[in-house]
Amino acid sequence: MFSLFSRAGHRGRGTARLAAAALVSGLAMTGAIATTGTAHADDVAKAPGGASATLGGLETYETAVIHEGGQDKRVSAGLFKMTVDGGGTLQTYCIDIHNPTQTDAKYQETPWSGTSLSGNADAGRIRWILQNSYPQVNDLASLASKAGAGSLTEQEAAAGTQVAIWRYSDKADVDAVSPAAEKLADYLQKSAGLLSEPGASLTLSPNAVSGAPGERLGPVTVHTNADAVSMTPPAAAAANGVKVVDKAGRPVTTAADGSQIFFDVPKDAEAGSAALTVQASTTVPVGRAFASESRSQTQILAGSSESTVAATATANWAKTGPVPALSAQKNCAKGGVDITAVNKGDEPFTYTLMGTDYTTPAGASRTVTIPLKEDQAYDFTITGPNGFETRLRGVLDCKTAAETVAKGDDEGVTPQTAAQPSPASVGGTGSGSGSDQDLAATGGSNATPVIAGIAIVLVLIGGVSVVLVRKKKPSEGQ
């Protein structure tokens with residue numbers, strides 16, 4: 001395990017427990033941090049915000065053939081189903097044809113910058129395909145007419161759409177077995193225009209703030225595709241005096257996309273920290289990527305029911321010394337994990353990672369990129385002043401399996417397109433054709449996930465929960 005530790009401040013104990021799957025009201029605060037023992041925060045590995053879900057299996061699919069290395073490999077191609085934590089379902093296609101799926105793998109809504117779409121100039125074409133094909137377009141007769149396909153079943157529509165996506169996501173030489181599905185794939189590939197990345201269903205920006213007692217720490221800006229949100233007043237925090245307020249210092253009872261909120265910390269508050277979790281019920285925008293906590297193929301959203309989404313922001317305060325706000329996210333363009341430290345204290349904040357010291361001066365911000373190899377698992381523990389400690393772990397998955405092999409970064413990586421069939425194709429779950437029992441379902445596998453945690457948010461100590469009850473907006477989020 002790599003360890004990042006502060007050279008200033010003392011350590012104490014505290015935990016951060018986040019309500020990510022249920023509507024919770026109230027606000028719970030840590031008091032003064034104890035001065036004995038080693039601080040330990042729960043291993044909470046969450047991305048900046050959005051939906052968290054568990055992969056089910058292929059539900060609507062047909063057969064496709066990959067032409068590679070002089071061989072033809074038969075796979076099942078179509079729609080996956082995912083179950084959202086806290087309620088809701090998602091339909092997704094995959095964007096890494098050679099990578100296996102892991103049964104019951106955990107996924108998190110993720111910006112394109114944290115996936116293989118980061119360096120893909122055709123990522124916007126994939127979104128166009130999603131917007132203009134099944135299941136977003138459920139008039140199959142009309143879709144078949146545009147594609148010159150005669151007629152289309154749901155299975156053929158799903159397979160044709162997946163094949164078209166693979167041609168852009170993986171640059172794959174792949175065809176649908178069904179003539180109608182192949183006609184649809186060709187039509188979608190040739191017609192696809194470039195669309196921009198959709199906004200997240202819910203995020204808080206920044207997701208970490210810091211400062212001195214007596215200040216309003218923030219702002220934290222709400223980005224959501226809900227029309228409006230309401231926030232339960234933090235009555236449980238009255239004894240500690242910490243409130244969530246707007247810029248004018250008024251307690252927050254409602255919020256919407258673009259709203260700014262602050263942590264209002266009393267002047268006499270002892271050094272401490274808190275985590276604020278907001279939740280919403282909304283549809284996730286089509287085209288959002290979903291990255292796995294394990295080495296399971298990246299998914300891209302094709303459809304969403306009303307689903308629970310969540311985001312977290314943290315605050316850290318002290319009267320003197322370094323007062324860091326820490327956050328992290330995958331940076332596929334640079335091939336690593338960005339760790340950002342904002343120091344609002346009156347002394348420098350220094351931590352060590354893999355034998356190297358990094359210092360953020362008082363009143364400054366510094367981001368360092370920790371370089372990692374493709375598919376490399378990482379496990380960092382970060383500690384800081386006033387009892388702060390948190391853990392960041394996951395696996396860097398920024399390329400498709402084919403890209404990894406082609407660029408010579410394939411140490412320990414084996415494309416598994418022709419591996420054993422996944423449970424989805426063997427059992428014929430959902431509305432699949434049920435005739436592909438000898439096929440691999442795009443790398444389907446029932447292997448146990450290799451490593452938990454695609455985690456990118458560093459959560460500070462203390463527990464704060466503020467729940468948002470919200471309405472759905474049909475348009476995209478910001």
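Modeller: A disulfide is a covalent bond between the sulfur atoms of two cysteines, and here a disulfide is taken to be a pair of cysteine sulfur atoms within 2.5 Å. By that criterion the structure holds 1 disulfide. Before going further, note that this is a predicted model, in which local features need pLDDT of at least 70 and side-chain atom pairs count only at pLDDT 80 or more, while totals for chains, interfaces and linings use all residues. Residues are numbered from 1 along each chain as its sequence is written, and side-chain values use heavy atoms, with hydrogens and water left out.

Biologist: Which cysteines does the disulfide join, and where in the chain do they lie?

Modeller: The disulfide joins Cys 332 to Cys 398, with an S to S distance of 2.0 Å. For the location we need helices (H or I, at least four residues) and strands (E, at least two), which are DSSP runs numbered from the N terminus. The pair links distant parts of the chain, 66 residues apart: Cys 332 sits in the loop between strand E20 (324-331) and strand E21 (336-343), and Cys 398 in the loop between strand E26 (389-395) and helix H5 (401-406). The torsion about the S-S bond of Cys 332 and Cys 398 is about -75°, so the disulfide is left-handed.

Biologist: Are Cys 332 and Cys 398 buried or exposed?

Modeller: Buried means under 20% relative accessible area, exposed over 50%, and partly exposed in between, using a 1.4 Å probe and protein chains only. Both Cys 332 and Cys 398 are buried. Cys 94 is also buried, with a relative accessible area of 0%.

Biologist: How should I read helix H2, and which of its residues are buried?

Modeller: In helix H2 (residues 140-147) the buried residues are Leu 140, Leu 143, Ala 144 and Ala 147. They cover an arc of only 100° around the axis, the arc being that of the directions from the helix axis to the C-beta atoms, which puts them on the same side of H2. The face turned away from that buried side carries the exposed residues Ala 141, Ser 145 and Lys 146. What covers the buried residues of H2 includes helix H3 (154-169) and helix H4 (179-191), where contact means heavy atoms within 4.5 Å. After H2 comes Gly 148, whose phi is positive, near 65°.

Biologist: How many salt bridges does the structure hold, and which residues are linked in a network of them?

Modeller: A salt bridge is a side-chain nitrogen of Lys or Arg within 4 Å of a carboxyl oxygen of Asp or Glu. The structure holds 9 salt bridges, and Arg 167, Asp 175, Glu 182 and Asp 186 are linked in a network of them. Arg 167 forms a salt bridge with Glu 182, the closest N and O atoms being 3.0 Å apart. Arg 167 lies in helix H3 and Glu 182 in helix H4, so the pair ties together parts that are 15 residues apart in sequence. Arg 167 also meets Asp 186 in a salt bridge (2.8 Å, N to O), and this pair links distant parts of the chain, 19 residues apart.
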